[in-house]
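The sequence and structure come first.

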Amino acid sequence: MTRINIDEFYSEIKKAYESLKGVVYNTPIDFSNTFSRLSGGKVFLKLENLQKTGAFKVRGAYYKIRSLPKEKLTKGVIAASAGNHAQGVAYAASVSGVRAVIVMPETTPASKVLATKSYGAEVVLHGRIYDDAYRKAMEICEKEGLTFIHPFDDPKVIAGQGTIAIEVINSLPKFDVILVPVGGGGLISGISIVIRKVFGKNVRIIGVEPEAAPKFKVSLKHGKPVVVPSKPSLADGLVTKRPGDLTFKIVNELVDEVVTVSEDEIARAMFLLLERGKLLAEGAGAAPLAALLSGKVDVRGKTVVAIVSGGNADLTTIYRVILRGLSLERRVIKLRAVLKDVPGTLKEVLDI
């Protein structure tokens, strides 16, 4: 297997960084006293939840669209997504003056469909799951001659996502560990290329994925991309069944470790970001912090950067997370009891 050409990739990421100026936000990197105290390290949060469209995906989508030849731009682009990639492509196409068609599963929350439409995209609802939407997108792509924008397994998309690492280094020239959420692997691929080019092996790169979809953890053990069964997760943006071929190759070569976090750990991280940090993060964005707070990654005495990749959590999810977080923090409790139906029994329970 040929090795990744880091120099060539890094050059592409620098081009992407220049092209994204004025198009996306250079999001803040914020020091957190609370999470530093809880983890024993010096914790900085890279706040991509404050990015345009509410997540990092717009970076890769815009750079990919900008890189297309004129004849492809004239016909337009298409994507399949139920989440942040849909909005990223829709916005990127809008600011580029390009037609965008987004195929979303029929089960997609109305808020996400409306957000995608608000950026000017044509939304097609099809199927129950992402795989159904993807097949429909490829059918439309072939029929209408559109260009498919892959959510992660594309060099230009990876380059766009890698611009986050350049911003981190510009704000924080020295750190020991960087924690990155892992879905299909586009984000961690771009970031790891920049980190290895600038710091070599002096910074530890750790990917974080949900226990509900441990595709990279399992694939790395097998030495090749494999399909894993997945379950619903609070970190729905990280639930993919298989790594990309290119992203697996990059992660296998450049990333130090991939850890998994449970649903309770993700919920607690979302809850604490909201209550202590005054930051709304979706499950995927909270996953790196979940790894820190759960002790899956030991950062005691080290400077660590956690990528908060997005903040597009719907209101029903936030409601469930708050209740779950309060329960995990032992601040609310549910009791079930069998009581005698006689006067005074309820008072006895309330007194206790």
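A residue counts as buried when its relative accessible area is under 20%. The model is predicted.

In helix H11 (residues 245–254), 7 of the 10 residues are buried, so the helix is largely enclosed by the rest of the structure. The buried residues are Thr247, Phe248, Lys249, Ile250, Val251, Glu253 and Leu254. Their cover includes the helices H1 (6–20), H8, H9 and H10 (215–222), together with the strands S8 (204–210) and S9 (257–261).

| Pair | Axes | Angle |
|---|---|---|
| H8 (residues 155–171) and H9 (residues 186–199) | 7 Å apart | about 50 degrees |
| H12 (residues 263–275) and H13 (residues 283–293) | within 8 Å | roughly 100 degrees |

H8 and H9, both part of the cover of H11, pack at an angle of about 50 degrees, which makes H8 oblique to H9. The crossing of H8 past H9 is right-handed. On the H8 side the contact involves Ile158, Gln161, Gly162, Ile164, Ala165, Ile166 and Ile169. H9 contributes residues including Leu187, Ile191, Val194, Val198 and Phe199. By class, the residues of this contact are 12 nonpolar and 5 polar, with no charged ones.

The axes of H12 and H13 cross at roughly 100 degrees, so H12 is roughly perpendicular to H13. H12 makes the contact through Glu265, Ile266, Arg268, Ala269, Met270, Leu272 and Leu273, and H13 through Gly283, Ala286, Leu289, Ala290 and Leu293. Here the division is 9 nonpolar, 1 polar and 2 charged.

Conventions: Residues are numbered from 1 along each chain as its sequence is written. This is a predicted model: local features need pLDDT of at least 70, side-chain atom pairs count only at pLDDT 80 or more; totals for chains, interfaces and linings use all residues. Side-chain values use heavy atoms; hydrogens and water are left out. Axes are lines fitted to C-alpha atoms, for helices over the stretch in contact, and angles run from 0 to 180 degrees between N-to-C directions. Helices (H or I, at least four residues) and strands (E, at least two) are DSSP runs, numbered from the N terminus. Angles under 35 degrees count as roughly parallel, over 145 as roughly antiparallel, 65 to 115 as roughly perpendicular and the rest as oblique. Contact means heavy atoms within 4.5 Å. Ala, Val, Leu, Ile, Met, Phe, Trp, Tyr, Cys and Pro count as nonpolar, Asp, Glu, Lys and Arg as charged, and the others, Gly among them, as polar. A crossing is left-handed if the near helix is turned anticlockwise from the far one by less than a right angle, and right-handed if clockwise. Buried means under 20% relative accessible area, exposed over 50%, partly exposed in between (1.4 Å probe, protein chains only).
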